[in-house]
Amino acid sequence: MSQTTTYLLRGARLLGGHPTDLLLRDGVVAAVGAGLDAGDARVVDAEGLIALPGLVDLHTHLREPGREDAETVASGARAAAMGGYTAVHAMANTDPVADTAGVVEQVWRLGRDAGYCDVQPVGAVTQNLDGAHLAELGAMADSIAGVRVFSDDGKCVSDALLMRRALEYVKAFDGVIAQHAQEPRLTEHAQMNEGVVSDRLGLAGWPAVAEEAIIARDCLLAEHVGSRLHICHVSTKGSVQIIRWAKSRGCDVTAEVTPHHLLLTDDLAESYDPIYKVNPPLRTAEDVRALREGLADGTIDCVATDHAPHPIEAKETEWSNAAMGMIGLETALSVVQHAMVDTGLLDWAGVAERMSAAPARIGRLGGHGRPLAVGEPANVTLYDADATREVDPTAMVSKSANTPYRGMRLPGRVVATFLRGVPTVLDGKIQ
Amino acid sequence: MRHLLSAGDLSRDEALLILDTARELAQVSGRSVKKLPTLRGRTVVNLFYEDSTRTRISFEAAAKRMSADVINFSAKGSSVSKGESLKDTALTLQAMGADGVVIRHSSSGAARRLAGWVDGAVLNAGDGTHEHPTQALLDAYTMRERMGRLEGLRVAIVGDILHSRVARSNVLLLSTLGAEVTLVAPPTLLPVSVGAWPCAVSYDLDEVLPKSDVVMMLRVQAERMQAAFFPSAREYSRRYGLDRDRFARLPDDAIVMHPGPMIRGMEISAEVADSPRSTITEQVTNGVSVRMAVLYLLLGGSESAIGN
């Protein structure tokens, strides 16, 4: 990857608008306007392509350290670049858990060495995700990784008092607690959404109320102590309603939705193929509708992938023995186009807000999610919204292949990704 | 019909064909030589991941009476205990040329998963809390033999519906065959969406009994009360157990069924279990005939079941 090349993106449609040229030089957007002089710049034909600010993922599992057989920081960062991302937040539930300054700095360095996108570690809220003792949040915030997002994701911080303390404590360094909302007692042995399908299939149910009760509690707590709260992977209609209500009261809450919860429903479990097993589980068509509406009206602030790589053997098994989670970095933008843009719910400026600006704001990533304007960091994604592709798990850049979109035809293709002016993806290929 | 995974996969005609074939085959059990050559040269594997003496022996007897070669593969003492996956076990059975695999597994959907990995016919002998289709078939067979019909028959199924694969299969099969099913349980032991099932629901056993031709009692495990499904075994028994007084509320010709194993004193009292109107041992006998019929229809090809 040459550090010095200047790129001229010719004829790109900025946020889906009129075609213009973008000149990327020295890591920033040097000029914007029609008919720019190429000079010594390498010209990228971007005619018909949509230019978006580089995407930012608030919720990525990179598995390193500990489960390098499923993903590494480097392989996950490459998958992110292929999906149009220039920054990802690496979740803390690694082995060892990212609950100390040492581990978050290790992940941060691995990301910087890989170079495909900025890897921003998320710190655990509690030691070893035990839900009982606060991790050294301040040390992680003060470390070179500069952690601002803290989460026990995969587990809920279910103890109300501990959650209150965590919310309060991170105010000292402008942190945010990202809650995995799952009341543990209501979801013991839970396998899938509780409802008509789980009852027929004889799989233990994960009721919507187990998510909604925690969200309601935490919104009230955050409001009481005046803290910032983020809700991970919102999956139910009731959750959207509660967050809308909390925001109307002035609670400083933000929320994310995954691409798969915007598209897939629990009836896919009829096959008992655990490729569809995920936590929180796929819900009903009514929930999908509410999530799309919530994302469109801003109740839900952003899309986050919850990219969760697993090796083949973790999924080629009985449903109840299978791991939960699905990969999503390389399909997220296509799914959002399909679910939100092609349905008229969101325009491309809206996509830029929900997939770049908002997650960067929530994660306090100053160099990302910025407008494509002169002087701003040259983090750019070029996207061909007119392409279609059949999803091929074996063609994934991720080390894992557990995509639920296997064989589906999805719209769109990431053509190029630039990280501070350097292409990580060009002509649809990783650089 | 390539596999038997769910009672819901059976059409009315297919279900009746199985019951009619079972009746034909039941004649064999009355002969001094209880053996037919029908499945000679076919291999049936009994793949049992859960302890189940009753069901395994029933399938084994059924296959042997049809002259099939039977391989019993139990999770204990096999490669499974060394951590082999279901898929690898399936591929092994495939390589050994199993024509049919009878699977009992603690995970719902295991039979369906197995069917995706082997070429032979898969028979679900109970998967987790999902289904147990041959149990439902033998129950329907028993009802038809005793009551002479299934259409319009009023069947009460009482007990732990939530965790019962027997209840799920029976509701599906009996509704296909035109019976009227009422599920009776405390609300905690009913699925949340039970209203969408093709049956009625009641919390009151005393109210349902006088209007029932068949009452099927399900086992209720005492450990359920640790998870607060009901306060105590005694209270469960008081409200939902079939004792002598409740038994007296049934119509005179009504029968009492139980898929076993039963817990006497919990869901059923000893005098009811041992009454002539209880079909519990008959169900076991009929189980062999019904499983012979299913094996024949899945593996037997076009020749007649009994031969000439």
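Q: Which residues of helix H3 of chain B are buried?

A: In this predicted model, helix H3 (residues 86-95) of chain B buries B:Leu86, B:Thr89, B:Ala90 and B:Leu93. Buried means under 20% relative accessible area (1.4 Å probe, protein chains only), and helices are DSSP runs of H or I, at least four residues, numbered from the N terminus.

Q: What do the buried residues of H3(B) pack against?

A: Their partners in chain B are strands S1 (43-48), S2 (69-74) and S3 (100-105), plus helix H4 (110-115). Strands are DSSP runs of E, at least two residues, and contact means heavy atoms within 4.5 Å.

Q: How much area do chain A and chain B bury between them?

A: The size of an interface is often given as the accessible area lost when the parts come together. Chain A and chain B bury about 1400 Å² (1.4 Å probe, summed over both). A:Asp199, A:Tyr272 and A:Glu318 supply 42% of the area that chain A buries against chain B.

Q: Which side chains meet in a salt bridge with 2.6 Å from N to O?

A: A salt bridge is a side-chain nitrogen of Lys or Arg within 4 Å of a carboxyl oxygen of Asp or Glu. A:Glu316 and B:Lys87 form one, and the interface has 2 salt bridges by this rule.

Note on methods
Residues are numbered from 1 along each chain as its sequence is written. Chains are lettered from A and ligands numbered from 1 in the order in which they are written. This is a predicted model: local features need pLDDT of at least 70, side-chain atom pairs count only at pLDDT 80 or more; totals for chains, interfaces and linings use all residues. Side-chain values use heavy atoms; hydrogens and water are left out. Buried means under 20% relative accessible area, exposed over 50%, partly exposed in between (1.4 Å probe, protein chains only). Buried area is the accessible area (1.4 Å probe) that two parts lose on being put together, summed over both.
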